[in-house]
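Please find below a colleague's note, written for a reader who is meeting this structure for the first time. It is arranged as numbered points.

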Amino acid sequence: MFNYEFMQNAFFVAICISLLCPCIGIFMVLRRSSMIGDTMSHASLAGITLGLLLNTNPIMGAFIFTAICGALIEFLRKYFSHHLDLILTIILSLSIGTAITLISSGKLKANANIFFFGSILTVNTADMISIFLLTVLSIITLYVLYNQLLYIAYDEEAARVAGVKVDIINYVFAILMAAAVSISIKIVGVLVLSAMIALPVASALQLERGFKQTLLYSMGFSLLSMVIGLTGSYYLNVAPGGFVSLTSVGILLVVLVAKQMQHKLRQHTPNLHH
Amino acid sequence: MLKVKDLYFSYHQQPPYVFEGLNLTIHRGDYISIVGENGCGKSTLLRLILGFLTPTQGSITMETKNIRYVSQKNDFSHSGFPITVREILNSYRKLLHIKDPNEVNRVLELTHMTFAADKLIGQLSGGQAQRISIARSLIGEPDLIILDEPSTGVDAKSQESMYALLKQLNTDIGITILSVEHNLDAALTNSTKIFHLSHGNGHLCTPEQYAHEILHHTGKECSCHV
């Protein structure tokens, strides 16, 4: 399998996704805004079509358009402070409307369909450079803003009192979400991308550990989903997006069952101290 | 230390106002409890002082920026959040740019919570979680701690030890405390002054004077020890 260059490329991108998506996902899940990931992934489709229309790198097109949509979500929060669902509907309509109009116009210079389900065959050198740069820059930004992001998720008011510029950091986080989405679309695909953002975190949360450990477990589960998902899609000749997503759900189920069994074992084990 | 002068505030920048010409002066070492009916603007006043809201008119001036806040939504509300007590405190220490990592151990010892350092916040009781909120507020030796109904979600026994801790921080370390209180007994027993908010304005009095006001208005004597 690894004799093929396209598989080497695919696994390189898979490692980037496994590193970045859970780092973004954990903050999104804990801020109860994981559905933003779904909207952002659909927004990326509009960016891809715009990139293809202008004959530029579609991943960079996706990143720029998704970052603008992320910033727009933050901006609209001021006007619809209790209606995040409504904001997401507005952005979704804008993005899908743009994508469908451009795809149906017949003016795109390449096929946009591979971005719906993901593909392991189409990752080229230009994609790998874009994905690598976005991943490195995002990880550095996350490292620098780690405590600020943690406290905005945990206690936003305490963060403000400590001098954290919450509004500015929320805009930076929107750009980081755009980066996570953009690096994932080629392999995972637009339709199931939110699975890579939320599901590894959901599995890690079941382990009931501290924040850093939960983040590390999320990365581990994400990497496991990608490796099993890509290998499975290679041998079964199916789209990687679907199989990676199913693997993520499978891992979550295994963790839930294991937790339940451990709980029952503890109940049946006699307490030796009494 | 803190002066609120001729404060007017409305959420819509026009009448009706929540506050109309409100004045309040807080001196170093005070322990002031803000009391009043539900909806009279107690928490709004705190949010104005903290800078979360902007006055429509008037001014709020402070001698110090070394202020901490313990919100009504205490750390117990985050029971599903995957974070240990040490992570909560250490992360906040870094936000405040305090380099000494022993600061976390110091505030845990002050609040008698060292045993809980490596526990998840969700594993603590309401009273213990509130002590962690107070421990967090002590990082960096603040001049002023602002609390919003600190006894919310805390059982009676833990309330007693929590107020004893606040009183100790005020008298022994000299930290100024400003607290919105719905627990009148605690306000009358622990505070050095009471700020009674009513009809868009307020007045400062001693706990003894406020106890007499209650007696005058309700005819019932307060059960607390002033």
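1. The model is predicted.

2. Helices 11 and 12 of chain A. Helix 11 (residues 211-236) of chain A and helix 12 (residues 240-268) of chain A have axes that come within 8 Å and cross at roughly 135°. Helix 11 of chain A is therefore oblique to helix 12 of chain A, and the crossing of the two is right-handed. Among the residues of helix 11 of chain A that take part in the contact are F221(A), L224(A), S225(A), I228(A) and L236(A). From helix 12 of chain A, the residues that meet them include P240(A), F243(A), S248(A), I251(A) and V255(A). By class, this contact of helix 11 of chain A with helix 12 of chain A comprises 11 nonpolar and six polar residues, with no charged ones.

3. S248(A). This serine belongs to helix 12 of chain A. With a relative accessibility of 2%, S248(A) counts as buried. Leaving aside residues up to four places away in sequence, S248(A) touches M196(A), L199(A) and S225(A). The C-alpha atoms of S248(A) and I228(A) are 9.4 Å apart in space, while the two residues are 20 residues apart in sequence.

4. Helices 6 and 9 of chain A. The axes of helix 6 (residues 125-144) of chain A and helix 9 (residues 166-188) of chain A come within 10 Å, crossing at roughly 150°. The two helices are therefore roughly antiparallel to each other, since an angle over 145 degrees is counted in that way. Helix 6 of chain A passes helix 9 of chain A in a left-handed crossing. On the side of helix 6 of chain A, the contact is made by D127(A), I131(A), L134(A), T135(A), S138(A), T141(A) and L142(A). On the side of helix 9 of chain A, it is made by V172(A), L176(A), A179(A), S182(A), I183(A) and K186(A). The contact of helix 6 of chain A with helix 9 of chain A has seven nonpolar, four polar and two charged residues.

5. Helices 9 and 10 of chain A. Helix 9 of chain A also approaches helix 10 (residues 193-205) of chain A: their axes come within 8 Å and cross at roughly 115°. That makes helix 9 of chain A roughly perpendicular to helix 10 of chain A. V181(A), S184(A), I185(A) and V188(A) of helix 9 of chain A make the contact with L193(A), M196(A) and I197(A) of helix 10 of chain A. By class, the residues of the contact of helix 9 of chain A with helix 10 of chain A divide into six nonpolar, one polar and no charged.

6. Helix 2 of chain A. This helix (residues 35-53) has 19 residues and reaches 28 Å from its first C-alpha to its last, close to the expected 27 Å. Because 15 of the 19 residues of helix 2 of chain A are buried, the helix is largely enclosed by the rest of the structure. S44(A) lies in helix 2 of chain A and is buried, at a relative accessible area of 0%. Not counting residues up to four places away in sequence, S44(A) touches A62(A), T66(A), V181(A), I185(A) and V190(A).

7. Helix 2 of chain B. How many of the 11 residues of helix 2 (residues 85-95) of chain B are buried? Eight are, and the helix is mostly covered. The buried residues of helix 2 of chain B pack against elements of chain A, including helix 7 (146-154) and helix 8 (156-161), and against elements of chain B, including strand 5 (67-70).

8. Backbone features. Most residues other than glycine have a negative phi, and most peptide bonds are trans. H112(B), in contrast, has a positive phi of about 55° although it is not a glycine; H112(B) lies in the loop between helix 3 and helix 4 of chain B and is exposed, with a relative accessible area of 55%. H199(B) likewise has a positive phi, of about 50°, and is exposed at 78%. The place of H199(B) is in the loop between strand 8 (193-198) and strand 9 (201-205) of chain B. A cis peptide bond, with omega of about 5°, joins P15(B) and P16(B).

Conventions. Residues are numbered from 1 along each chain as its sequence is written. Chains are lettered from A and ligands numbered from 1 in the order in which they are written. This is a predicted model: local features need pLDDT of at least 70, side-chain atom pairs count only at pLDDT 80 or more; totals for chains, interfaces and linings use all residues. Side-chain values use heavy atoms; hydrogens and water are left out. Axes are lines fitted to C-alpha atoms, for helices over the stretch in contact, and angles run from 0 to 180 degrees between N-to-C directions. Helices (H or I, at least four residues) and strands (E, at least two) are DSSP runs, numbered from the N terminus. Angles under 35 degrees count as roughly parallel, over 145 as roughly antiparallel, 65 to 115 as roughly perpendicular and the rest as oblique. A crossing is left-handed if the near helix is turned anticlockwise from the far one by less than a right angle, and right-handed if clockwise. Contact means heavy atoms within 4.5 Å. Ala, Val, Leu, Ile, Met, Phe, Trp, Tyr, Cys and Pro count as nonpolar, Asp, Glu, Lys and Arg as charged, and the others, Gly among them, as polar. The expected span of a helix is 1.5 Å times one less than its number of residues. Buried means under 20% relative accessible area, exposed over 50%, partly exposed in between (1.4 Å probe, protein chains only).
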